[in-house]
Protein chains: 2
Amino acid sequence: MDSINILLTLDDKYIPQLKVFLTSLRINNPGECFSLFLIHSGIKEEYLSEVKVWCSKHGWRFFSLLIDNELFAEAPSSKQYPKEMYYRLLAPYILPEDVMRIIYIDPDTLVINPLRPLWEMDMKGKPIAAASHTGITEIANGVNRIRLGTESDYYNSGVLLIDTERARIEIIPEDIFAYVKEHQNLILPDQDVLNALYGKRILPLADAIWNYDARNYSSYLLRSGGVQNEAWVMHNTAILHFCGKAKPWKKSYIYRFGLLYLHYEEIASREWEN
Amino acid sequence: MDSINILLTLDDKYIPQLKVFLTSLRINNPGECFSLFLIHSGIKEEYLSEVKVWCSKHGWRFFSLLIDNELFAEAPSSKQYPKEMYYRLLAPYILPEDVMRIIYIDPDTLVINPLRPLWEMDMKGKPIAAASHTGITEIANGVNRIRLGTESDYYNSGVLLIDTERARIEIIPEDIFAYVKEHQNLILPDQDVLNALYGKRILPLADAIWNYDARNYSSYLLRSGGVQNEAWVMHNTAILHFCGKAKPWKKSYIYRFGLLYLHYEEIASREWEN
């Protein structure tokens with residue numbers, strides 16, 4: 001089997017979550033070899049070294065891609081719109097050219113089932129595949145369509161399957177910079193840009209499988225007519241996304257999948273301390 | 001480090017749960033080597049072979065101990081009191097003599113943290129260590145004391161740390177057979193015998209750590225003044241015991257740790273199908 005490319009973009013503050021994520025990815029994808037690409041603007045050397053050692057121990061490849069500030073010299077940026085917001089959409093221009101396909105995943109996630117079906121998905125000529133949480137937030141979906149003037153669903157940018165060759169043709173850095181310059185009222189800048197500029201060119205993914213909103217168990221259950229119960233989620237969902245402000249590594253997280261996150265924190269703390 | 005001896009007694013029907021148990025034991029005890037002793041009265045050869053292969057793959061030892069019906073020829077037995085009820089208490093007479101200490105665990109459990117602290121516990125000259133679920137069921141505890149005429153807590157026999165040498169001195173098969181013959185009203189025969197005959201010689205274990213009753217999260221939380229929340233359990237509890245009639249592998253299990261069980265079923269199904 002070919003190795004699966006995973007893309008992450010984060011800073012020092014998210015290193016603990018990165019470890020939990022990687023541990024969950026490893027445990028739930030036995031027999032797979034991953035190539036990990038980490039795009040960042042200066043993660044501490046000791047952290048990078050830890051990740052490198054861990055990956056090598058498990059036979060994975062690790063590529064640290066430090067972004068030169070010059071690269072986004074012309075990109076509009078501010079405290080509200082940091083340069084890091086461009087990393088995920090412009091990754092096709094940052095990654096080595098021989099990376100033909102990659103799965104971007106937010107680090108506030110757990111991988112609890114194999115990713116290979118996503119990795120091998122037919123993208124039907126589209127540059128990006130993504131899931132919308134529309135089933136859950138129909139109202140937010142409508143609001144976002146009006147706000148951004150789009151006709152497609154509002155996609156969540158937390159999990160993206162990217163055809164990097166196709167993306168280099170369709171996603172133009174200058175378009176993105178221009179859009180950001182003209183819109184100073186974006187709420188989630190990178191996600192808004194993804195939807196406003198490329199919404200029509202996104203292949204929809206089943207969110208219950210590839211980008212499950214961990215806050216919304218009851219909605220998934222209700223809308224699926226009782227099918228997507230806990231057993232279904234544990235058996236089918238590959239990526240649990242702890243999106244939103246409430247985070248399972250913080251105190252007083254109330255949603256049910258927080259338990260699973262805490263357990264993976266424990267497993268991770270054992271394997272990363274050695 | 002020395003290898004940790006684990007004792008299990010079960011029949012064909014519990015093979016699926018055995019696999020889940022072993023998977024959880026492996027994941028949460030990295031770097032440990034286990035010696036698995038399975039006492040049974042005739043598990044199918046194909047199941048034993050599966051367990052043997054799995055153990056050997058992970059560098060563990062596996063001993064299948066098939067009980068000769070003759071061994072308990074004199075033991076009183078009936079449909080209500082099957083001979084299997086004696087296996088756990090009389091294990092010190094069944095195990096190889098060089099097994100000096102062993103941890104018995106029911107197969108309706110998940111191991112979610114390292115067992116080494118239990119394995120290395122000072123038993124203070126006692127033949128058996130066990131936990132009582134007294135904090136949870138004060139009333140049941142009182143009822144059982146009267147019912148069995150004991151003065152000690154009512155211990156749960158689901159997790160036992162056994163000093164086999166000491167046990168061979170203090171636990172006399174004939175005493176057990178005589179007690180069972182005289183008491184035809186036992187509710188949980190082996191657990192009742194353990195308490196009635198050996199209650200005073202049991203070293204108490206902290207149930208929240210070594211034999212957590214998975215049905216009683218709210219009670220643990222309440223009695224600990226809020227300390228034993230989900231994060232505490234995930235960090236400290238080593239053995240989650242799914243005791244009672246409701247089982248997490250059956251439909252409509254309602255307690256919160258069922259989620260974790262379903263997840264381990266999934267991990268187990270991946271590693272046991274290969």
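**A first walk through the model**

Reply: Over all chains the count of disulfides, meaning pairs of cysteine sulfur atoms within 2.5 Å, comes to 0. This is a predicted model, in which local features need pLDDT of at least 70, side-chain atom pairs count only at pLDDT 80 or more, and totals for chains, interfaces and linings use all residues. Residues are numbered from 1 along each chain as its sequence is written, chains are lettered from A and ligands numbered from 1 in the order in which they are written, and side-chain values use heavy atoms, with hydrogens and water left out.

Me: How far is the sulfur of C33(B) from the closest cysteine sulfur?

Reply: The distance is 9.6 Å, to the sulfur in C55(B), which is too far for a bond. C33(B) is partly exposed at 25% relative accessible area; buried means under 20%, exposed over 50% and partly exposed in between, with a 1.4 Å probe and protein chains only.

Me: And C243(A), buried or exposed?

Reply: C243(A) is buried, at 7% relative accessibility.

Me: Where do F72(B) and Y86(B) lie?

Reply: Both residues are in the loop between strand 3 (61-66) and helix 3 (91-94) of chain B, so the pair ties together parts 14 residues apart in sequence. Helices (H or I, at least four residues) and strands (E, at least two) are DSSP runs, numbered from the N terminus. F72(B) is buried at 4% relative accessibility, and Y86(B) is buried at 2%.

Me: What does Y86(B) form with F177(B)?

Reply: An aromatic pair that is edge-to-face, 5.2 Å centre to centre with 85° between the planes. That pair links distant parts of the chain, since F177(B) sits in helix 7 (residues 173-182) of chain B, 91 residues from Y86(B). F177(B) counts as buried at 10% relative accessibility.

Me: Which residues form the aromatic cluster in chain A?

Reply: Y14(A), F242(A), W249(A), Y253(A), Y255(A) and Y261(A) form one cluster.

Me: S252(A) then. What is its phi?

Reply: Phi of S252(A) is near 60°, a positive value in a residue other than glycine. Most residues other than glycine have a negative phi. S252(A) lies in the loop between strand 10 (239-241) and helix 12 (258-273) of chain A, and is exposed at 70% relative accessible area.

Me: Which way does phi go at K124(B), positive or negative?

Reply: Positive, at about 50°, and K124(B) is not a glycine. K124(B) is in the loop between helix 4 (116-119) and strand 6 (128-132) of chain B, and is exposed at 62% relative accessibility.

Me: On to strands. How is strand 2 of chain A covered?

Reply: On both faces: F34(A), L36(A), L38(A) and H40(A) on one side and S35(A), F37(A) and I39(A) on the other are all buried. With 7 of the 7 residues of strand 2 (residues 34-40) buried, the strand is largely enclosed by the rest of the structure. Strand 1 (residues 4-9) of chain A runs parallel to strand 2 and is joined to it by 6 bridges; two strands pair if DSSP finds at least two bridges between them. L8(A) stands opposite L38(A).

Me: What about the sheet with the order 5-10-9 in chain B?

Reply: That sheet is open, has 3 strands and shows mixed pairing. Its edge strands are strand 5 (109-111) and strand 9 (212-213), each pairing on one side only. Y212(B) stands opposite L240(B) in strand 10 of chain B.

Me: Last one, how much do chain A and chain B bury between them?

Reply: About 1,900 Å², 63% of it on carbon and sulfur atoms; buried area is the accessible area (1.4 Å probe) that two parts lose on being put together, summed over both. In chain A, L259(A), H263(A) and R270(A) lose the most area to chain B, together 35% of what that side buries. The contact, meaning heavy atoms within 4.5 Å, takes 21 residues from chain A and 21 residues from chain B.

Notes:
Rings of Phe, Tyr and Trp (its six-membered ring) pair if their centres lie within 6.5 Å; planes under 30 degrees apart count as stacked, over 60 as edge-to-face and the rest as tilted.
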